[in-house]
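I opened my notebook to go through this structure step by step, writing down what I looked up as I went. My plan was to take each chain by itself and then turn to the places where parts touch.

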Amino acid sequence: MAENESLNPDDPYGRRWDIVYRAIRKGEPPEKVVLRVRRAMYQGLRKTLKQCAEHGVTLQMLLDSRSAPQVLRRLVRKTQGHEYVQLFADVAAASSVCDTEGLLQAFVGAIWESVGDRIAHKVVRSDGPMSLNGMRDYLGHTVEQIQPDVDRIARNLASNPSWKPTLPRGKKGEEAETTAEILSTSLLGN
Amino acid sequence: MKFLPSFKLWFCPGPDDPCHELVAGRHFHLGMDAFGRLFWANPSRRLLDFLRIAMSVYVVDRLVRRRQQAQQGRWFRSLKLSVEVREPDFWQDDDVFGTLIECLEFLSEDGWDVTFVKDKQDPPPREGFLRGESPFLAYPPLVCLSSGGLDSAAGLGIRMAENPGRPVIPVTVWHQPNQRESVERQYGLLRKRYNGATIHPLIVKSAMIWDSELKGWKQEWSQRCRSFLFAAVGAVVAAMSGVAAVEVFESGIGAINLPLLAGMVGSRATRGSHPYFFHLMSRLISAAAGREIAFHLPFMDKTKGQVVAQAVGLGLQELARSTVSCVHYPLRERPHKQCGVCPACILRRQAMAVACIEEEGVYKHDLFGPDHESGQLQEDHLEYLKAFLLQVVNRGPLQSGGPVPQRVRRHLFATNVVSTEESMVPFLHLFSRYHQEWLSIAAEGMERGWAWANLLAPVGATLIGEENHASA
């Protein structure tokens with residue numbers, strides 16, 4: 001069974017987020033960074049849902065258990081403590097008044113929040129040009145930019161929990177470019 | 001007097017791994033003679049079972065390593081444990097068993113499969129009190145956990161001032177010789193401060209016997225379940241003392257322990273003093289003791305800085321200075337006792353700064369002192385401090401009365417600190433005070449030229465060092 005996806009850019013199984021980190025560190029234009037965040041979000045979610053199914057856990061099961069913390073705890077355990085599933089359980093606990101789409105919005109939004117924290121921690125330096133407050137503003141901008149995707153993913157998954165999150169096709173070759181990037185990244189680190 | 005007859009445990013590090021058998025007294029040791037010295041009695045067989053389970057959990061947690069230490073995504077373990085107990089039926093009861101598993105999984109964030117095997121040894125240990133009842137029934141003592149850390153010492157000092165003349169039983173489970181010496185020194189200071197106050201420490205040694213067949217095993221560094229053993233020993237002391245409460249002196253900030261980074265798991269998001277952990281432990285000990293016993297956190301509404309400041313107001317500065325917080329203690333690098341840059345050191349320094357207690361020459365790396373001037377601090381040393389400050393920044397909106405950040409909501413609800421929107425209010429006030437404390441320290445840091453204060457600079461502000469670059 002494949003190793004679980006991670007929300008940690010330093011983890012070998014969180015490499016798609018490492019690409020985002022590197023882009024920010026290199027100072028790529030914000031619109032390019034946002035595109036990378038969107039790709040990583042779709043791909044990470046798609047992979048997570050596939051892994052969960054391999055563990056015998058579907059999104060429908062998670063949604064059905066949203067108000068039953070004990071059951072959610074068992075599902076987290078069944079997925080070997082999958083970080084995305086743990087995050088879903090945490091979001092569910094704090095979103096009891098939301099409808100399914102609202103819960104999924106909060107969950108998908110929390111993915112970038114979690115990764116963004118780790119990236120901010122890695123990027124900002126005491127002798128660097130940007131403070132943590134500056135980084136917060138920068139990440140806040142990306143949150144606004146990815147919100148339509150967060151809404152889209154939540155809407156589609158709420159109406160069809162078997163839906164496979166896929167980035168809407170933009171320029172030709174976009175997906176191929178992402179794959180090439182991942183393949184070119186050493187899993188052993190630099 | 002033999003208080004803890006030998007027992008066996010079996011564990012499997014993973015679902016497909018072979019099982020190992022370990023024997024108390026041969027592979028590990030829990031110093032139960034401390035109970036005999038204090039109470040002249042054995043714990044009841046159920047309480048003894050509780051201690052066996054707690055020690056077994058501690059041993060397994062310590063021996064089974066997580067797969068990749070540095071990678072938090074690989075935190076989860078699937079652990080199988082079987083323990084020899086005298087009353088397996090009691091522990092297999094749905095309520096008790098469910099609480100036990102929930103407690104372990106909440107604390108360690110692992111999966112636990114626990115089973116119980118009937119201990120058929122004869123004769124059973126002598127139970128009950130030799131003189132018929134607990135020697136403490138006449139004047140119920142204050143039973144508390146005492147780790148030797150800053151919160152527990154300051155909290156004990158404050159609670160002794162609030163309970164003049166009341167005997168105290170501080171409970172310590174030590175695994176390093178220095179820890180025992182440290183708490184004994186603290187009790188000496190407290191007796192001096194409170195004029196010969198009655199302190200009956202119960203200090204229990206817990207240890208692995210590494211020169212047994214365990215030679216060559218490497219231990220897991222996180223050891224989150226140490227808190228389970230610590231709390232279990234405290235709970236048994238409360239049960240035997242005839243009191244209804246075990247007090248835990250941890251600030252609200254430390255107890256709730258909001259993850260420094262959103263979604264963080266692992267030892268840096270420890271739940272060893274978390275109110276929900278203690279809620280579950282209260283249920284377990286109440287079931288085992290056959291009466292209500294609860295863990296209390298009397299400083300839940302205070303920041304660590306406020307607790308220490310209160311202790312300073314009682315003239316307990318020396319006590320505060322005598323404590324140790326560093327996760328790397330003993331550092332074994334004279335003259336420094338503590339590293340100064342781990343999360344525990346940072347929170348301690350923050351609290352000491354709030355309470356205006358100066359400490360010199362204590363820390364290997366001095367984030368709040370002259371190391372900045374001599375250039376001894378490197379960026380690596382700021383890793384955890386940066387995480388603390390990031391948390392301050394992320395909580396920022398609380399200050400302006402804005403919406404509660406999602407990360408804060410998630411933690412409070414998901415860890416059962418709160419169950420309604422209204423019940424969040426006191427915690428939001430607590431976080432706001434803590435936030436303000438950090439901002440004040442950072443403002444002082446800006447004045448004194450601490451480079452890390454740059455991290456909290458408002459957007460567009462001139463950073464420390466920039467003036468020099470400009471003039472150059």
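This is a predicted model: local features need pLDDT of at least 70, side-chain atom pairs count only at pLDDT 80 or more; totals for chains, interfaces and linings use all residues.

**Entry 1: chain A**

I began by reading along the sequence of chain A, where the pattern came out as α-α-α-α-α-α-α-α.

Next I looked up burial, and of the 190 residues of chain A, 47% count as buried. I then turned to the contacts in chain A between residues at least 6 apart in sequence, and saw that 60% of them join residues at least 24 apart.

**Entry 2: chain B**

I moved on to chain B, for which I wrote down 17 helices and twelve strands. Chain B has 472 residues, and buried residues make up 49% of them. When I looked up the contacts in chain B between residues at least 6 apart in sequence, I found that 76% join residues at least 24 apart.

**Entry 3: the two domains of chain B**

How is chain B divided into domains? I wrote down domain 1 as 8-67 + 77-296, so written in the assignment as two stretches of sequence, and domain 2 as 326-466. The C-alpha centres of domain 1 of chain B and domain 2 of chain B lie 30 Å apart. I then looked at the contact between them, which takes 16 residues from domain 1 of chain B and 18 residues from domain 2 of chain B.

**Entry 4: where chain A touches chain B**

Last, I looked at the contact between the chains, which takes 37 residues from chain A and 34 residues from chain B. Which helices of chain A each supply at least two residues of the side that touches chain B? I listed helix H4 (69-78), helix H5 (83-94), helix H6 (100-123) and helix H7 (132-159) of chain A. H6(A) gives the most to this side of chain A, with eight residues. By class, I recorded twelve nonpolar, twelve polar and 13 charged residues on the side of chain A that touches chain B.

Key. Residues are numbered from 1 along each chain as its sequence is written. Chains are lettered from A and ligands numbered from 1 in the order in which they are written. Helices (H or I, at least four residues) and strands (E, at least two) are DSSP runs, numbered from the N terminus. A residue is buried if 20 or more other C-beta atoms lie within 10 Å of its own, exposed if 12 or fewer, and partly exposed in between; C-beta atoms are placed from the backbone. Two residues are in contact if their C-beta atoms, placed from the backbone, lie within 7 Å. Ala, Val, Leu, Ile, Met, Phe, Trp, Tyr, Cys and Pro count as nonpolar, Asp, Glu, Lys and Arg as charged, and the others, Gly among them, as polar.
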